[in-house]
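Here are my notes for you, as one colleague to another. Keep the model open while you read, and look up each residue as it comes along.

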Amino acid sequence: MVQAPAWFDRLAPKGSLGRYAVAGVFNTAIFAVMLVLLGWAGGVTREQSEAWAVVWGIAWMGSSIVAHWVHRGFSFIPSTKIAYSLSTALPIYTLSFIGSSATFGLILEFTTWYLWFITAINTGAWGITQWLLNRTVIFRHDRAVRMARAQEE
C-alpha cells in the first residue's frame, strides 16, 4: 500500500475526487502511452475513427488493470477483499471500456476536434463515472470508513 505524506492526506484524503484525480494523472499517462504506441504501431490515421475506437478500447482495458491496483492502494480505503474488487471491477471496467470507446469513436467521427482534446474530454467524463463506481461498488470506501470509525469507539 502506498503511504502519502500527512499533508497530502489532509489535502486529498483517501476516497476524495482530488486524490482520485492525482492517481488518474498517473493512470492517464500510462493510457496515453499505450494509445500512442498502439496507434503508431497500427499506422492509424486521424480519419480512421473505427480503428481509433479499437485502439482506445485496448489502451483503456490495459491501463484499467494498472489503475485497479493504484486505486486499491492509493486512492481508497478498500473494505473488500481482492477477489471481490477484481470480480466487480471486471464488469464495471468492461462497461466503461465499451462506453468510453463508443463515445470516443462517435466524437471523433462527427467532429473535426483535435485528437488530444477529444481524449481529454472523454477521459475526464469517464474518469468521474469510474470514481463513483470505484468508491461505491468496487472498493466500498464509505463502508471501510464506517468500519474504522466503529472500531475507534
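1. Let's start with how the chain folds back on itself. Among contacts in the protein chain between residues at least 6 apart in sequence, 73% join residues at least 24 apart. Please keep in mind that this is a predicted model.

2. Now for the overall plan. The protein chain has 6 helices and 0 strands, and from the N terminus on its elements read α-α-α-α-α-α. The C-alpha trace spans about 60 × 30 × 25 Å along its principal axes. Of the 153 residues, 39% count as buried.

3. How do H2 and H3 lie relative to each other, parallel or antiparallel? Their axes come within 8 Å and cross at roughly 150°. An angle over 145 degrees counts as roughly antiparallel, and H2 and H3 are therefore roughly antiparallel to each other. The crossing in which H2 passes H3 is right-handed. In the contact of H2 with H3, the residues divide into 19 nonpolar, 6 polar and 1 charged.

4. Helix H5 covers residues 115–138, and its buried residues are Leu115, Ile118, Thr119, Asn122, Thr123, Trp126, Gln130, Trp131, Asn134 and Ile138. An α-helix has 3.6 residues a turn, so residues three or four places apart point the same way. What covers the buried residues of H5? The cover includes helix H2 (17–41), helix H3 (49–75) and helix H4 (82–110). After H5 comes arginine 140, which has a positive phi, near 50°.

5. Serine 87 has its place in helix H4, and with 46% relative accessibility serine 87 counts as partly exposed. The C-alpha atoms of serine 87 and isoleucine 138 are separated by 8.5 Å, although these residues are 51 residues apart along the chain. Isoleucine 138 is one of the buried residues of H5.

6. Next, the aromatic rings. A search of the whole structure finds 9 aromatic pairs. Among them is the pair of phenylalanine 8 and phenylalanine 74, which is stacked, with 5.9 Å centre to centre and 25° between the planes. Phenylalanine 8 lies in helix H1 (residues 6–11) and phenylalanine 74 in helix H3, so this pair ties together parts that are 66 residues apart in sequence. Phenylalanine 8 has a relative accessible area of 12%, so phenylalanine 8 is buried, and phenylalanine 74 counts as buried at 13%.

7. A second pair has another geometry. Tryptophan 113 and phenylalanine 117 are edge-to-face, with 5.5 Å centre to centre and 75° between the planes. Tryptophan 113 counts as partly exposed at 40% relative accessibility, and phenylalanine 117 is partly exposed as well, with a relative accessible area of 43%.

8. Finally, which residues do ring pairs link into a cluster? They are Phe31, Trp56, Trp60 and Phe104. Do find them in the model and trace the links from ring to ring yourself.

Key. Residues numbered from 1 in each chain as written. Predicted model: local features only at pLDDT ≥ 70, side-chain atom pairs only at ≥ 80, totals over all residues. Heavy atoms only, no water. Buried < 20%, exposed > 50% of the residue type's maximum accessible area, 1.4 Å probe, protein only. Helix = DSSP H or I, 4+ residues; strand = E, 2+ residues; numbered from the N terminus. Contact = heavy atoms within 4.5 Å. Axes fitted to C-alpha atoms, helices over the stretch in contact; angles between N-to-C directions. Parallel < 35°, antiparallel > 145°, perpendicular 65-115°, else oblique. Left-handed = near helix turned anticlockwise from the far one by under 90°. Nonpolar A, V, L, I, M, F, W, Y, C, P; charged D, E, K, R; others polar. Phe/Tyr/Trp six-rings, centres within 6.5 Å; stacked < 30°, edge-to-face > 60°.
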